[in-house]
There are 2 protein chains.
Amino acid sequence: MAPVRQPEETRMKILETALDLFHRGTFKGTSVNQIVDQAGITKGALFHHFKGKNELGYAVVDELLLGHVNEAWVEPLSTSVDPLSDLMAIINGFREEMEECAEVVECGCPLNNLSQEMSALDDEFRLRLLKLYNIWEEAIEKALRAGIDAGNVKADVDPLVMSKTLVALLEGCIGMIKVNRTMEHMMIIGAGIRTVLDSMKP
Amino acid sequence: MAPVRQPEETRMKILETALDLFHRGTFKGTSVNQIVDQAGITKGALFHHFKGKNELGYAVVDELLLGHVNEAWVEPLSTSVDPLSDLMAIINGFREEMEECAEVVECGCPLNNLSQEMSALDDEFRLRLLKLYNIWEEAIEKALRAGIDAGNVKADVDPLVMSKTLVALLEGCIGMIKVNRTMEHMMIIGAGIRTVLDSMKP
DNA sequence: GACTACATACCAACTGGTCGGTTTTTCTTT
DNA sequence: AAAGAAAAACCGACCAGTTGGTATGTAGTC
């Protein structure tokens with residue numbers, strides 16, 4: 001028989017609920033009461049697992065968002081030698097996800113949302129979020145280098161510059177889609193990303 | 001002798017204070033008490049000039065932010081026939097501004113901040129902000145068309161696609177600078193923007 | 001018996017917003 | 001031009017509801 005109390009599952013449920021609410025709304029705009037209600041637990045449980053609301057936010061970044069970055073970008077690119085095609089494939093995957101589920105369209109990228117909201121207000125948040133961006137950028141940078149070596153990317157492309165530029169472009173695009181909320185706009189933005197990637201082809 | 005009461009100036013002071021606080025922090029994270037204190041007025045005055053906090057936010061968008069977009073982008077580009085150079089000049093102007101004043105570096109773009117925070121939560125905000133983005137994009141689109149006609153931009157560039165892509169890229173870059181907060185990162189991002197603009201040269 | 005994992009009642013501080021009152025400005029009437 | 005009425009501009013105490021967080025108690029686990 002399973003034990004009545006499963007602290008690890010409780011903790012994970014709190015984290016996931018928090019991410020969901022931070023994603024749909026904002027960190028500051030989400031109350032701990034909301035998190036507690038939606039997670040079906042109590043305030044005692046939340047403050048037992050996390051020192052405070054900020055610490056909960058840090059854990060969401062360090063654990064959940066890091067996992068998403070690794071899953072969506074680092075792993076798929078880790079063995080890439082044709083990064084321009086592989087990046088486009090990942091982006092097309094997101095587009096298909098968006099076509100099915102309105103949440104990503106309406107709520108944008110949780111990493112970007114948290115960054116834009118919190119980096120000016122809390123340095124602990126900023127540095128943790130920056131770490132994730134560096135991991136994301138380095139995955140692209142490494143793939144671009146491999147692409148150059150394999151002759152699939154123009155030799156004069158600067159992998160450091162373009163990895164950071166591509167991340168900025170992607171976050172910007174997701175943000176614009178969030179404001180526009182139309183399929184048409186998504187297709188236009190997709191064409192723009194493709195144009196930028198194509199400009200790096202040999 | 002000047003009259004004791006100057007309702008238009010009071011109203012403008014409220015708007016400017018609100019924008020400053022929304023820019024440094026967030027809309028939801030800024031209380032009307034803060035606005036009232038910093039503006040040196042009272043709650044009565046604020047709620048006399050604006051129906052509520054949301055209406056104040058709408059007015060900030062419709063009046064102040066629209067002015068900034070026109071001043072920084074629409075007017076400088078209105079007569080451009082060499083948009084790639086003129087865009088780079090505007091962006092370099094921002095960079096110089098950033099080197100002097102840390103506020104833009106740390107707080108990002110007020111239009112982007114408000115958009116990312118509020119578009120998922122309030123459709124009135126979203127549509128007003130979207131209007132500003134359309135004005136910004138159309139200014140770039142028109143300049144790109146003029147650039148193609150003048151032979152300063154490659155003929156196969158799609159002005160609609162690239163205007164939206166450039167706006168997304170710029171907002172993404174400002175967002176990344178906000179998270180990084182280093183001069184070094186700013187230079188790298190600047191090089192990336194230049195690369196994208198250069199790829200449109202004939 | 002000790003410790004972890006919760007539950008619940010509670011708290012001071014703050015939230016956006018209201019309301020009655022006062023002062024200043026403007027409009028109307030003579 | 002003077003007087004009076006109406007409206008606009010502003011003040012500040014007050015409100016109900018919510019905020020993040022705590023203190024105390026209790027039940028399950030090792």
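Predicted model: local features only at pLDDT ≥ 70, side-chain atom pairs only at ≥ 80, totals over all residues.
Student: Where do I start with chain A, and how many helices and strands does it have?

Tutor: Start with the secondary structure. Chain A has 10 helices and 0 strands, so its order from the N terminus reads α-α-α-α-α-α-α-α-α-α. Along the principal axes, the C-alpha atoms of chain A fill a box of roughly 60 × 40 × 35 Å.

Student: What can the contacts and burial of chain A tell me?

Tutor: Contacts show which parts of the sequence are brought together. Taking contacts in chain A between residues at least 6 apart in sequence, 66% join residues at least 24 apart. As for burial, 42% of the 202 residues of chain A count as buried.

Student: How do I check a helix, and what span should helix H8 of chain A have?

Tutor: Compare the expected span with the distance between the end C-alpha atoms. Helix H8 of chain A, residues 123-149, has 27 residues and should span 39 Å at 1.5 Å a residue; the end C-alpha atoms are 38 Å apart, which agrees. Just after H8(A), A:Gly151 takes a positive phi of about 80 degrees.

Student: Which residues of H1(A) are buried, and what covers them?

Tutor: The buried residues of H1(A) are A:Ile14, A:Leu15, A:Thr17, A:Ala18, A:Leu19, A:Phe22 and A:His23. Their cover includes helices H2 (32-39), H3 (43-49), H4 (53-77), H6 (102-107) and H7 (110-118) of chain A.

Student: And the nonpolar core? Which residues touch the most other members?

Tutor: The general idea comes first. In soluble globular proteins, nonpolar side chains tend to be buried together. Here the largest nonpolar core has 102 residues, and A:Val60, A:Leu169, A:Cys173, B:Leu169 and B:Cys173 touch the most other members. Look at A:Leu169: leaving out residues up to four places away in sequence, this residue touches A:Ile193 and A:Val196, and also B:Ala168, B:Leu169 and B:Gly172.

Student: How many residues are in contact between the chains, and which elements of chain B take part?

Tutor: 43 residues of chain B are in contact with 43 residues of chain A. On the side of chain B that touches chain A, the elements giving two or more residues are H6 (102-107), H7 (110-118), H8 (123-149), H9 (159-180) and H10 (183-198) of chain B. H9(B) provides the largest share, 16 residues. By type, that side of chain B divides into 19 nonpolar, 16 polar and 8 charged residues. The copies meet through the same surface, because 100% of the interface residues of chain B are also interface residues in chain A.

Student: Can we zoom in on helix H6? Are A:Val105 and B:Cys107 buried or exposed?

Tutor: The cut-off for buried is 20 or more other C-beta atoms within 10 Å. A:Val105, in helix H6 of chain A, is buried with 20. Apart from neighbours within four places in sequence, A:Val105 is in contact with A:Met98, A:Ile177, A:Lys178 and A:Arg181. B:Cys107, in helix H6 of chain B, also has 20 such neighbours and counts as buried. Beyond four places in sequence, B:Cys107 touches A:Ala120 from chain A, along with B:His23, B:Arg24 and B:Lys178. The C-alpha atoms of B:Cys107 and B:Gly175 are separated by 8.7 Å, though the two are 68 residues apart along the chain.

Student: You mentioned A:Arg181. What is its phi, and where is its place?

Tutor: Most residues other than glycine have a negative phi. A:Arg181 has a positive phi near 65 degrees, and sits in the loop between H9 and H10 of chain A. With 17 other C-beta atoms within 10 Å, A:Arg181 is partly exposed. In chain B, B:Arg181 has a positive phi of about 65 degrees, lies in the loop between H9 and H10 of chain B, and counts as partly exposed with 17 C-beta neighbours inside 10 Å.

Terms used. Residues numbered from 1 in each chain as written. Chains lettered and ligands numbered in written order. Core = buried A, V, L, I, M, F, W, Y, C linked by C-beta atoms within 7 Å. Buried ≥ 20, exposed ≤ 12 C-beta atoms within 10 Å, placed from the backbone. Contact = placed C-beta atoms within 7 Å. Helix = DSSP H or I, 4+ residues; strand = E, 2+ residues; numbered from the N terminus. Nonpolar A, V, L, I, M, F, W, Y, C, P; charged D, E, K, R; others polar. Expected span 1.5 Å × (residues − 1).
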